[in-house]
Amino acid sequence: MTRAKIVYHRYNVLGLAATLGEAFFRCAEASSVTLALMENVQVMEFRHLRQLIHLVIIPFVKYCPADLWQVWLGSLLQPLFVHCQQALHYSWSSLLHEGRAKVPDSIGNLSGSELKAEVMEEKLLRDLTREVCSVLWALASPGLNSGLPSLEQLGPSNRMDSLKNLESFASSSLTG
């Protein structure tokens with residue numbers, strides 16, 4: 001079995017374990033798991049990073065109990081978002097200004113034309129961008145943010161005053 005398949009299966013197992021919810025998150029050692037997942041995030045290829053997000057991070061966001069959000073998700077999402085913002089900014093800027101996405105994946109090892117490599121880079125860039133958007137979508141889902149009032153509940157007249165009091169909703173809202 002190749003190294004890539006082993007990593008894929010490990011990520012898949014972690015994501016499936018997260019679906020156990022509280023049983024997994026209370027029994028597993030958060031600091032060890034998060035360190036193992038994030039220690040090399042800065043050097044991951046886009047396809048590897050996309051698998052990490054899809055198979056592990058999104059299930060962790062969806063199934064982590066609210067009282068463990070800070071312990072688990074804080075130490076996972078902060079380094080992930082910092083790295084993804086930097087990597088995606090660089091690659092999208094390169095694509096817009098130079099016509100080439102410049103993703104960190106080993107595109108040069110592919111056989112074929114330069115055009116094929118450029119198309120593959122753009123696909124990897126779009127795929128990672130889509131996965132980061134999926135994490136943001138999961139973070140903003142109503143089920144994880146039930147404590148936040150809707151804009152309709154805030155009303156137009158006292159919206160600014162109510163927004164100042166949103167800290168009181170932070171404990172029942174993942175976004176908070």
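The protein contains eight helices and zero strands. The model is a predicted one. From the N terminus on, the order of elements reads α-α-α-α-α-α-α-α.

Of the 176 residues in the protein, 39% are buried, where buried denotes a relative accessible area under 20%. Among contacts with a separation of 6 or more, 67% are made by residues 24 or more positions apart. The accessible surface of the protein amounts to about 10,600 Å². Carbon and sulfur atoms contribute 58% of this accessible surface.

The largest pocket holds about 540 Å³ of space. Its lining consists of 17 residues, of which Arg3, Val7, Tyr11, Met44 and His48 are the closest to the centre of the pocket. Two or more lining residues are supplied by each of helix 1 (3–18), helix 3 (30–38) and helix 4 (46–63). Helix 1 gives the largest share of the lining, with eight residues.

By class, the lining of the largest pocket comprises eight nonpolar, three polar and six charged residues.

Note on methods:
Residues numbered from 1 in each chain as written. Predicted model: local features only at pLDDT ≥ 70, side-chain atom pairs only at ≥ 80, totals over all residues. Heavy atoms only, no water. Helix = DSSP H or I, 4+ residues; strand = E, 2+ residues; numbered from the N terminus. Buried < 20%, exposed > 50% of the residue type's maximum accessible area, 1.4 Å probe, protein only. Contact = heavy atoms within 4.5 Å. Areas by Shrake-Rupley, 256 points an atom, 1.4 Å probe, with all protein chains shown as cover. 1 Å grid on protein atoms, 1.4 Å probe; cavity = no way out; pocket = protein on both sides within 12 Å on 5 of 7 lines; lining within 4 Å. Points joined across faces, edges and corners; volume = space filled by probe spheres on them. Nonpolar A, V, L, I, M, F, W, Y, C, P; charged D, E, K, R; others polar.
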